[in-house]
Amino acid sequence: MRILIIGAGAVGGYYGARLAAAGRDVTFLVRERRAAQLRSIGLQIISPHGDLSLTPKLLLASELKASQEHFDLIILSTKAYSLDAAIEDFAPAVGPQTMILPLLNGMKHLDLLIARFGEGPVLGGSTTIVADVDPEGRIRQMELLQTVSFGERDRTVTPRIQAVAATLANAGFDDKLCDDILAVMWQKWVMLASMGSITCLMRGSIGAVAAAPGGSETAHRIIAECASIAAANGYPQKPAFLESVNERLTKLGSPLTASMYRDLHKGAPVEADHILGDLIARGTAHGVVTPLLQATYAQLSVYSNSLTVPA
């Protein structure tokens, strides 16, 4: 199976490197600046699971457009605010049998991909990993978590999804073929939106929020708002999961922060529209009132409007 990884950032770069090291046929579609960096230092992974350095196969958008080369599997893990540009870049790689495995947060990206490529190519996918690209261009994995979950959106087990499972198996990370991938995606969305809202609204780590007067109570209400939206959309969260989330996101001394919070502090663009804006809209459509999520989204929108987002 020929695999095209869109970008070589923290998520795509990490999983692509592991797949390449495991002998899979992997190519990275990258911008010129990242390509120059990778040609200079290679693709470097610093990880508690073992460091890795390799010379990746690279492809520029202009080269792909000229070749019209099709791939079997496209793994998409760009930030949501870069999705439109990414779609334009990799569109020539989508052939009649191509599968697109998106590992973005939320659900809005599915609508955008289906609108462009139709229902057929688009799989469901989710990942759990904590990683970042350091100033030298190396990918640093900060925690042991490294799971890719995937499946057909209609809950069927098809020969093609079994082929994807075989390709991702034994590649140096955890892989999971799910019978209801949309439920997995909603569960992650509840967790991510809760953590992002808690840390961004109150401007601190989970531990710092928990230590503040009213911090834990506010966190519990944010989690409840997120869970209410999921339930209204047909994906009620299991009590054990919600208990775990409430415990994890109100833990005293926890240094945990959301990637959106880290981006905010770096002065970088944030995924507020996809993680919070779309979630709030799906709640509003069902009459779910979410004042804390709306306050967070308004605050992050003010921040986003002050930035010049790179193309």
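How do the axes of helix α7 and helix α10 cross, and within what distance do they come? Before I answer, please note that this is a predicted model, in which local features need pLDDT of at least 70, side-chain atom pairs count only at pLDDT 80 or more, and totals for chains, interfaces and linings use all residues. Residues are numbered from 1 along each chain as its sequence is written, and side-chain values use heavy atoms, with hydrogens and water left out.

Now to the helices, which are DSSP runs of H or I with at least four residues, numbered from the N terminus. The axes, meaning lines fitted to C-alpha atoms over the stretch in contact, with angles from 0 to 180 degrees between N-to-C directions, come within 11 Å for α7 (residues 181-201) and α10 (residues 239-248), and they cross at roughly 25°. Therefore α7 is roughly parallel to α10, a term for angles under 35 degrees. Where they are in contact (heavy atoms within 4.5 Å), Gln 187, Val 190 and Met 191 of α7 meet Phe 241, Val 245 and Arg 248 of α10.

Buried here means under 20% relative accessible area, with a 1.4 Å probe and protein chains only, and the buried residues of α12 (residues 272-284) include His 274, Asp 278 and Leu 279.

Finally, Ser 47, placed in the loop between β3 (43-46) and β4 (52-54), is buried as well, with a relative accessible area of 10%. Leaving aside residues up to four places away in sequence, Ser 47 touches Tyr 14, Arg 18 and Gln 141.

How values were computed: Helix = DSSP H or I, 4+ residues; strand = E, 2+ residues; numbered from the N terminus. Buried < 20%, exposed > 50% of the residue type's maximum accessible area, 1.4 Å probe, protein only. Parallel < 35°, antiparallel > 145°, perpendicular 65-115°, else oblique.
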